[in-house]
Amino acid sequence: MIGFTSRHDTASSSETWFVIIGVDFYPPQKRADNEPEQNVQYPNLRGSVQDACALEDFLVQELKVDHDHIVKLTSSVPTNSTSISDTLEEPPTYDNIVRALVTVEERAQTGDVVHIHYSGHGGRAKTVYPDLKDPGAFDESLVPSDIHTSGLYLRDLEFAVYLNRMVQKGLYVTVVLDSCHSGSATRNSNESYTGPIARGIEKPDETHYEFQPAHTQEIIDAGLAKYSCPDAREMGNIWLLEPRGYELLAACPAHQVAYECCETQNNKTIYNGALTRNLLEIMKDALLNNLPITHGILHQQLWAKLDKHNPPQTPIFAGNQKRVMFSTENGPDISGIKVMNIRKNKVTIAVGRIHGAQKDSEYALYRWNVTDFANTPCTAKIRITTAEDQRSEAEFMEDSSNLSSISAKDGYQAILLKQAAVRKIYVNCFPASRSQQGSALEELGRILKNSNQVMCVANEDEHADFHIGIQDNKFSLCNTKKKSLPCPETDDPQIFTDFLKHLAQFEMLRKLANPVQEYSLKDRYRFKITSSDSSDKVHNFENTTEFELLFENLHTEPLNLTILNFSPLWGIYQMFPERSAFETIDAGRSQEVPVIIEAPPELESSSSHTEFLKAFITVECTQLGNILLEDIDISGGNNWNAGRGDGDSLDELLSQLGLPTLRRLKLKSSTRNVPWATEDLTLNIFPKDSTEDKFFDAKEYMSENDDVFFDANECLKTRGLQP
């Protein structure tokens with residue numbers, strides 16, 4: 001089952017409720033003489049009602065949902081033989097939509113599931129909450145069928161109130177929006193036009209309405225308004241506020257367009273929203289194969305399918321990726337790389353130079369629901385032929401004569417088998433005075449001879465990134481200044497070797513940058529700590545300090561921002577945004593990110609440590625989840641290598657695939673070149689009220705030949721300070 005539980009299933013105490021809205025018809029009725037004239041008109045659509053009906057049919061016929069648990073509001077375009085009064089539909093007017101949301105919230109009990117699906121126009125309108133946003137801000141909105149009559153949108157903050165009520169009641173809520181905020185030149189309202197139709201308009205509605213906005217005090221009391229935001233575009237990657245306690249799936253980010261598509265069935269043209277059509281196909285396939293499908297898996301599958309549309313659109317998800325659709329339960333957490341497109345013997349995968357991908361690297365393909373890679377046969381193996389910026393082209397490694405037996409599909413996941421060229425770290429082993437210590441170091445050196453990630457240098461005079469020694473009969477790690485660094489407390493050479501491989505992966509990703517300066521986006525943005533100059537890349541802070549990061553988009557088009565935290569325990573975590581893959585910042589806009597420093601418990605008693613922040617800036621949508629790493633366990637375990645088996649290449653890969661945990665800097669509340677860039681900040685963290693020399697330590701954790709991060713000493717000199 002997909003995860004849906006019928007209300008008649010006595011094994012489950014929860015029920016599932018649906019609000020389904022499809023708006024094709026926007027009656028162009030005239031407004032009263034004393035009312036303001038709208039400066040935008042929403043054209044009729046063709047596939048929104050079909051979306052609603054198709055979803056209802058799936059729920060009733062396949063999942064056996066009672067009609068009593070479905071509220072469907074639709075507005076069909078009248079034909080030559082029908083009129084508005086002839087239809088039996090309950091139209092999705094503003095009042096009816098609000099009534100549906102309130103009714104479902106009242107009927108549902110704590111622990112129930114609520115699924116809201118909207119297909120129709122999305123819109124932007126001049127805000128009616130100027131005191132909560134900014135007088136010049138816009139409200140992102142759903143567009144009811146009576147918009148031309150009533151002038152009433154279901155605005156972002158008001159919708160957030162209804163969703164917040166459901167969350168506070170203990171309901172499990174999912175919102176799916178097959179809409180967008182803006183159209184494009186490809187939108188066409190001509191009845192004979194059969195191309196893609198955008199579910200949006202070309203400009204915002206700046207009509208001034210004289211009415212009291214709804215729920216202002218409740219918005220304030222619930223903390224839904226972001227008073228620090230200068231305008232509405234600061235409020236999220238998608239038009240709705242960042243979800244708080246519910247899951248949100250939208251057809252596209254703010255700068256893209258959600259399209260309708262069509263197909264011919266029995267000599268009849270059928271229209272659907274691209275998102276809804278593919279969503280139902282994926283869920284039917286999951287039901288057919290009796291596989292649970294989580295929100296995260298659904299999003300990955302949709303991304304792969306919609307990427308092939310012309311023009312492409314990128315679905316956006318925020319929330320709990322592990323929760324199963326139509327369920328309260330969590331399912332598997334999928335960490336593989338998306339297979340975007342398979343045709344003949346060619347494969348496109350969603351990993352590129354921005355992720356560290358390289359030509360000739362090899363991957364194994366698995367079905368989208370597989371999590372036990374070590375004990376599950378792969379579907380096929382591929383080798384990268386061209387590594388582009390954010391994706392790569394690959395070919396099947398099997399002979400062409402066997403291609404007919406390959407059953408891999410779009411939306412499958414790719415797992416790294418063999419990295420073609422690995423950035424090495426160089427280590428030097430200190431001479432040991434006792435034979436037992438010397439024996440352990442010698443055994444470590446013998447193991448490292450067979451490693452393609454870690455190179456052991458002969459003596460201290462040669463360049464080394466790190467130094468290894470023996471202290472209290474256990475391995476120790478130091479930087480080039482001989483300062484002790486966190487490492488596992490172990491005397492096992494094999495465990496320490498696995499840790500060094502993890503460290504090599506960490507260093508490779510920490511120093512990742514776009515080598516093609518022409519496409520590096522430099523000078524198109526500014527990333528800094530708010531209180532500092534943008535040229536300052538190294539900063540000293542006491543533990544528990546609060547500060548703000550500032551990202552400014554100086555480009556002429558939207559930029560996508562993801563910030564990773566490289567922790568002192570050698571883990572890599574996505575710090576911002578918290579619940580989605582990236583945040584889109586419009587041209588000329590900025591994003592402030594409040595941060596609080598919190599030292600890991602394992603390092604609270606240490607004199608100091610260093611955190612690295614790395615901002616990834618892209619023009620195209622991307623995900624960085626597959627490059628995240630767990631913190632190491634310095635108590636002597638090897639949690640970063642939990643999947644290690646007999647040491648084959650696949651299991652070596654699994655030792656590098658980590659899942660994010662809560663330890664991090666925390667938020668206070670065709671072959672082509674695609675521009676992208678990285679920007680780095682180094683944070684030297686000292687215990688609160690520390691009296692140690694903070695300037696001296698500004699360079700302690702940095703490698704001598706680090707060509708990515710600024711020299712802390714030089715940075716201090718420019719401020720008139722001597723290290």
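Helix α9 (residues 493–510) lies across β19, β20, β21 and β22 (474–478), and runs at about 20° to β22. Helices (H or I, at least four residues) and strands (E, at least two) are DSSP runs, numbered from the N terminus. Contact here means heavy atoms within 4.5 Å. Axes are lines fitted to C-alpha atoms, for helices over the stretch in contact, and angles run from 0 to 180 degrees between N-to-C directions.

This is a predicted model, in which local features need pLDDT of at least 70 and side-chain atom pairs count only at pLDDT 80 or more, while totals for chains, interfaces and linings use all residues. Residues are numbered from 1 along each chain as its sequence is written, and side-chain values use heavy atoms, with hydrogens and water left out.

**The five-stranded sheet**

The strands under α9 belong to an open sheet of 5 strands with mixed pairing, in the order β20-β19-β21-β22-β23. Because β20 (454–457) and β23 (484–485) stand at the edges with a single partner strand each, one side of each has no neighbour in the sheet. Two strands pair if DSSP finds at least two bridges between them. Strand β19 (residues 425–429) pairs with strand β21 (residues 466–471) in the parallel sense, over 3 bridges. N428 has H467 in β21 as its bridge partner.

**The six-stranded sheet**

An open sheet of 6 strands, also with mixed pairing, has the order β2-β1-β3-β7-β9-β12. Its edge strands, β2 (70–75) and β12 (316–318), each pair on one side only. Neighbouring strands of this sheet are turned by 5° against each other on average, direction ignored. Within the sheet, β3 (residues 113–119) and β7 (residues 172–178) run parallel and are joined by 7 bridges. I116 has V175 in β7 as its bridge partner. Helix α7 (residues 295–306) packs on the sheet and touches β7, β9 (246–250) and β12; the direction of α7 makes about 10° with that of β9. In a regular strand the side chains alternate between the two faces of the sheet.

**A hairpin**

Strands β10 (residues 259–265) and β11 (residues 268–273) pair in the antiparallel sense over 6 bridges. E263 stands opposite I270 in β11. The two strands β10 and β11 form a hairpin with 2 residues between them, and N266 in the turn has a positive phi of about 55°.

| Helix | Partner | Axes come within | Crossing angle |
|---|---|---|---|
| α1 (residues 48–62) | α6 (residues 274–288) | 10 Å | roughly 10° |
| α2 (residues 94–107) | α4 (residues 156–168) | 9 Å | roughly 15° |

The angle of roughly 10° makes α1 roughly parallel to α6. Angles under 35 degrees count as roughly parallel, over 145 as roughly antiparallel, 65 to 115 as roughly perpendicular and the rest as oblique. The crossing of α1 and α6 is left-handed, a term used if the near helix is turned anticlockwise from the far one by less than a right angle (right-handed if clockwise). In this contact D51, A54, L55, F58 and E62 of α1 meet T276, L280, M283, K284 and L287 of α6. By class, these are 6 nonpolar, 1 polar and 3 charged residues. Ala, Val, Leu, Ile, Met, Phe, Trp, Tyr, Cys and Pro count as nonpolar, Asp, Glu, Lys and Arg as charged, and the others, Gly among them, as polar.

Helices α2 and α4 are roughly parallel to each other, and their crossing is left-handed. Y94, V98, L101, V102 and E105 in α2 meet E158, F159, Y162, R165 and M166 in α4. The contact of α2 with α4 has 7 nonpolar, no polar and 3 charged residues.
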